[in-house]
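Have the viewer open as you read.

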Amino acid sequence: MGACHIQYALLLSLLGFVPCSDSLNCQLGSMMHVGSGLTKAAVEWTEQSTMMTIREQSCQEILVLIDVGKKSVLLGSKGTSTEKHRNVRNITVFAPGPGIMAITFYHVCDSELCNSSNSSRVLLDSIPRVAPPVPGRSQCPVRLHFKGSANRKSNLVFCPRGTRCYSSELAFYGGGLSVVFSISGCLVYPQKRLLKNQSSIGTVSITETRFPSKSGDPFSHGLVPSMLLAWMLGLRSLLSPSFTAI
């Protein structure tokens with residue numbers, strides 16, 4: 001009987017079945033929320049589906065929160081990790097504000113159903129507290145627009161001091177996500193890219209395509225009123241009779 005059990009185990013091994021494997025069950029799913037107030041109120045997130053890891057995989061969960069002011073987008077992904085990542089728990093603030101705020105949560109773990117964060121609270125607790133913004137003089141459009149949606153309206157606002165206009169298209173693929181949206185707003189200076197050339201978070205790939213900004217400085221929407229007044233006064237003096245007589 002002992003030899004029979006050994007032969008049976010060897011047969012299963014040859015067929016790719018390992019009786020005493022290190023496979024894990026991980027929560028599986030993805031989500032997207034769009035709205036206002038997502039930087040203040042946590043969004044609940046639970047998944048009932050599961051999947052099993054293979055080879056050297058672990059469980060992973062990812063949250064991405066991007067806020068432009070009056071509108072925010074929250075993305076989430078749960079599943080199995082890439083094979084090279086193990087026991088990771090990172091919160092990264094890509095843009096602290098004022099203006100556009102971007103923060104991510106990336107967690108890789110190796111115990112049963114350990115990717116079990118059930119809300120966006122883990123992000124909200126790590127959002128930097130910034131001083132009340134001081135209005136600047138440059139105007140920028142502010143918008144969060146999803147590919148395929150009809151609403152393309154944007155608001156023109158005076159950006160806080162220390163920021164400049166930013167506009168790009170962001171794409172997130174993998175981990176159950178397939179999301180493309182354009183974003184415009186005020187990004188803290190001198191940062192040029194919202195996600196700082198990040199190409200992926202775990203199994204989610206990221207593409208940031210920056211658009212040329214037509215309003216990146218105080219003179220982009222015409223002359224600043226005070227400078228315009230000075231220019232007009234100077235022109236007036238040039239055209240005055242007293243000047244022409246000199």
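Which residue stands opposite S205 in strand 13? Y173 does. The strands here are DSSP runs of E, at least two residues long, numbered from the N terminus. The two strands to look at are strand 10 (residues 163–174) and strand 13 (residues 204–210), paired in the antiparallel sense over 6 bridges.

Before going further, a word on what you're looking at. This is a predicted model, in which local features need pLDDT of at least 70, side-chain atom pairs count only at pLDDT 80 or more, and totals for chains, interfaces and linings use all residues. Residues are numbered from 1 along each chain as its sequence is written, and side-chain values use heavy atoms, with hydrogens and water left out. The pLDDT (the predictor's confidence in each residue, from 0 to 100) averages 82 over the protein chain, with 75% of residues at 70 or more. Over residues 242–246 the pLDDT is below 50.

Two strands count as paired if DSSP finds at least two bridges between them.

Now for the rings. The whole structure holds 2 aromatic pairs (ring centres of Phe, Tyr or the six-membered ring of Trp within 6.5 Å; planes under 30 degrees apart are stacked, over 60 edge-to-face, the rest tilted). One of them is F146 with F181, tilted, at 5.2 Å centre to centre and 45° between the planes. That pair links distant parts of the chain, since F146 is in strand 8 and F181 in strand 11, 35 residues apart.

Strand 8 also matters for the lining of the largest pocket, where it gives the largest share, 5 residues. A pocket, on a 1 Å grid over the protein atoms alone, is an open set of points where a 1.4 Å probe fits, with protein on both sides within 12 Å along at least five of seven lines; lining residues have an atom within 4 Å of a point. This one is lined by 38 residues, with D67, V68, G69, K70 and G99 nearest its centre.

Finally, the backbone. A cis peptide bond joins G97 and P98, with omega about 0°, and P98 is in the loop between strand 6 (88–96) and strand 7 (101–109). The bond from Y189 to P190 is cis too, with omega near 10°.

Methods
Contact = heavy atoms within 4.5 Å. Helix = DSSP H or I, 4+ residues; strand = E, 2+ residues; numbered from the N terminus.
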